[in-house]
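Thanks for asking for a second pair of eyes on this one. Here are my notes, point by point, to read beside the model.

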Amino acid sequence: MSAVLEVTGLRKVYEGGGRRVEAVGGLDFTVPAGQLACLVGPSGCGKTTLLKCVAGLMRPTSGSVRLAGEPVTEPPPDMAVVFQEYGRSLFAWLSVADNVALPLKEKGVPRARRAELVRRALADVGLSDAAGAHPWQLSGGMQQRVAIARAIAYEPRVLLMDEPFAAVDAQTRAELEDLIRGLWQRLGVTVLFVTHDIDEAVYLGQRVLVLSASPTRVQDDLAVDLPDRRDQLTTRGDVRFTELRARVYARVQAAKRGERPAPDPSAPPAPAPR
Amino acid sequence: MTGRGTRTPAEGGASPARTAAAGGAAGTAPLGAVGVLAFLAVWELVPRLGLVPGRYLPPATEVLAALAARAAEAAFWVALWDTVLAWALGLAIAFAAACLLGFAIGSLPAVRAFTTSTVEFLRPVPSVALIPLAVLLYGTDIGSTLLLVVYAAFWQIYLQVLYGVADVDPVAEQTARSYRLSRWSRIRYVTWPSALPYVLTGLRLGAAVALILAITAQLVIGSPGLGREIAVAQSSGAIASVYALVIATGGLGVAVNAGVRLLERRLLHWHSSVRTEAAA
Ligand SMILES: Nc1ncnc2c1ncn2[C@@H]1O[C@H](COP(=O)(O)OP(=O)(O)OP(=O)(O)O)[C@@H](O)[C@H]1O
Ligand SMILES: [Mg+2]
């Protein structure tokens, strides 16, 4: 299967105010079409920066991002981003339904279809009742779900999510994880999912990319060989789940201590696509 | 929502937050009425007790009677209409120009930097200094009033528009870009609503200044309106009439301010400064 997303030698240096931060220091990875890949890494390691470069919102200092073979220089079509600052990414002056509908309107989706997509997306995230409310009338977790609904209603081929479940309670979080996996399976969308939660990364992903501390590199890249049908209880109780979790945990700890990825001859091969 | 919620326009004294506070102050209305009555009573007594000669300050009842007499004449309403017309027209022109220029220049940082020093020079020029120019161009026509009104109101609104355009949340902007909203859609759906609290603050400041300049122009130049009526009343020694007309202009000012505040509350129902009902 072809790589839909290719990140090659990606480097990003922030300069300004007399401060120079090399946020991303040379990243290489590819994501095959239809994969659900999770990115974990210590706080401040450049995950958001990476996502913004992939989304075409920020120009890398060097290196390139290619989407379906085309270099990304501006936000590509068929891509949706769920931002870490979900509250600020919603438009306070629009109702929840209008927030979800606006990108569809811009895309030229006919009115009736638009209404249907909005209704379905809001139902999917359990917010049918809140369609007429304004975002600031909702709780943090509900706002986050509006941002997710907006992204899925858009029917993207590539979905970038930046710590989307950070603000929701454990119960909602579990539901949203299953929702994302369900949508991913149903729509065949390629997902790049940033999280700081190791359990979540292993539970959700087909693959976990562990990033090192800044300047960021890929510290580890491991395939999650759990069955495709996952379930909050049995999967999390699985022995293999625990093993994978321990491995990712160890790698993230190593990254935090600033250990660089050693050229490891026994490194696992890029995981097989679904 | 943390970042957004606490934002208010840089122009501190008249921020939308104050608007909400004033809007929620309905409970103080009876107290305010008592205050007005007390003021009128003092005004009535001061000339009657001879503390100030009645020639300079006629008692309140005399002034109110003069106001009632004026209000019975068509000329008063014509003058009022002329003032409102010059005010509204001038404000509308200033508003349209300030929004167009503000959005155009505000979204181009280089042009903004390029024009800043010119703006800083032109903005403090008091409008009244343009009176000779206005007379030269338009005589005692409404045009001379308009020139002063537009000049004064323009800067108030323009500066607020610039602040507003600069205060668009970068995350909201990036969201719009990531969903490929066109430049026009971003202005319409993101920049404009984000800047609206500032724009309306500018409108409120501009509306007040516009009224001041409309009256000033009519008073000094003699273009038609309440200002000219005041000058005429003064030169014919009708002191009670002068005070009556001053009260009428004051009433106009109150109405203008209340109108813009109402507009703010309507248009900014989603903004943190106006969300009082939702919070209750
Ligand atoms: N606009 C910016 N200007 C300068 N430096 C920046 C900017 N944005 C991010 N950085 C720096 O780049 C580094 C990576 O930031 P980034 O937001 O990508 O981290 P992150 O991995 O998403 O962190 P977190 O998990 O806390 O969200 C940090 O050191 C940060 O200080
Ligand atoms: Mg981040």
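The points below take the ligand site, then chain A, then chain B.

1. **Ground rules.** This is a predicted model, where local features need pLDDT of at least 70, side-chain atom pairs count only at pLDDT 80 or more, and totals for chains, interfaces and linings use all residues. Residues are numbered from 1 along each chain as its sequence is written, chains are lettered from A and ligands numbered from 1 in the order in which they are written, and side-chain values use heavy atoms, with hydrogens and water left out.

2. **The ligand shell.** Which residues are closest to ligand 1? Ser43(A), Gly44(A), Lys47(A), Thr48(A) and Thr49(A) are the closest of the 13 residues that surround ligand 1; a residue is near a molecule if one of its heavy atoms lies within 4 Å of it. The shell divides into four nonpolar, six polar and three charged residues. At least two shell residues come from each of β2 (19–32) and α1 (47–54) of chain A. Elements here are DSSP runs numbered from the N terminus: helices are H or I with at least four residues, strands are E with at least two.

3. **Polar contacts to the ligand.** A polar contact here is a pair of N or O atoms within 3.5 Å. The side chain of Ser43(A) places a polar atom 2.6 Å from an oxygen atom of ligand 1, and a polar side-chain atom of Lys47(A) lies 2.7 Å from a ligand oxygen. From Cys45(A), a polar backbone atom is 3.2 Å from an oxygen atom of ligand 1. Taken alone, ligand 1 exposes 630 Å², of which the protein buries 64%; these areas come from the Shrake-Rupley method with a 1.4 Å probe.

4. **Helix α1(A).** Lys47(A) also belongs to the buried part of α1(A). Seven of the eight residues of this helix are buried, meaning under 20% relative accessible area, where exposed is over 50% and partly exposed lies in between (1.4 Å probe, protein chains only). Among the buried residues are Thr49(A), Leu50(A) and Leu51(A). After the helix comes Gly56(A), with a positive phi near 75°.

5. **The antiparallel sheet of chain A.** Four strands form an open sheet in the order β2-β1-β4-β5, with antiparallel pairing. Because β2 and β5 (70–71) stand at the edges with a single partner strand each, one side of each is left without a neighbour in the sheet. Strands pair when DSSP finds at least two bridges between them. Strand β1 (residues 3–16) and strand β4 (residues 62–67) run antiparallel and are joined by five bridges, with Ser62(A) as the bridge partner of Arg11(A).

6. **Strand β7(A).** Why is β7 (residues 158–162) of chain A largely enclosed by the rest of the structure? Five of its five residues are buried, so the strand is largely enclosed. Val158(A), Leu160(A) and Asp162(A) sit on one side, and Leu159(A) and Met161(A) on the other. On the pairing side, β7(A) runs parallel to β6 (residues 79–82) over four bridges, where Ala80(A) stands opposite Leu159(A). Five bridges join β7(A) to β8 (residues 190–194), also parallel, and there Val158(A) stands opposite Thr190(A).

7. **The record for chain A.** An unreviewed UniProt entry annotates residues 5–238 of chain A as "domain: ABC transporter"; such annotations may be inferred rather than shown by experiment. Over that span the chain is 35% helix and 27% strand.

8. **Chain B.** The secondary structure of chain B comes to 13 helices and zero strands, and buried residues make up 44% of its 280 residues. The unreviewed UniProt entry lists "transmembrane region" spans including 63–80 and 87–108. Residues 63–80 are 89% helix, with end C-alpha atoms 18 Å apart; residues 87–108 are 91% helix, with ends 31 Å apart. UniProt also lists "domain: ABC transmembrane type-1" for residues 80–264 (unreviewed entry), a span that is 85% helix.

9. **Val78(B).** This residue is found in helix α5 (residues 74–106) of chain B. Val78(B) is partly exposed, with a relative accessible area of 48%. From Thr28(B), Val78(B) is 50 residues away in sequence and 35 Å away in space, C-alpha to C-alpha.

Definitions and conventions
Polar contact = N/O pair within 3.5 Å; in protein donor to acceptor, adjacent residues only side chain to side chain. Nonpolar A, V, L, I, M, F, W, Y, C, P; charged D, E, K, R; others polar.
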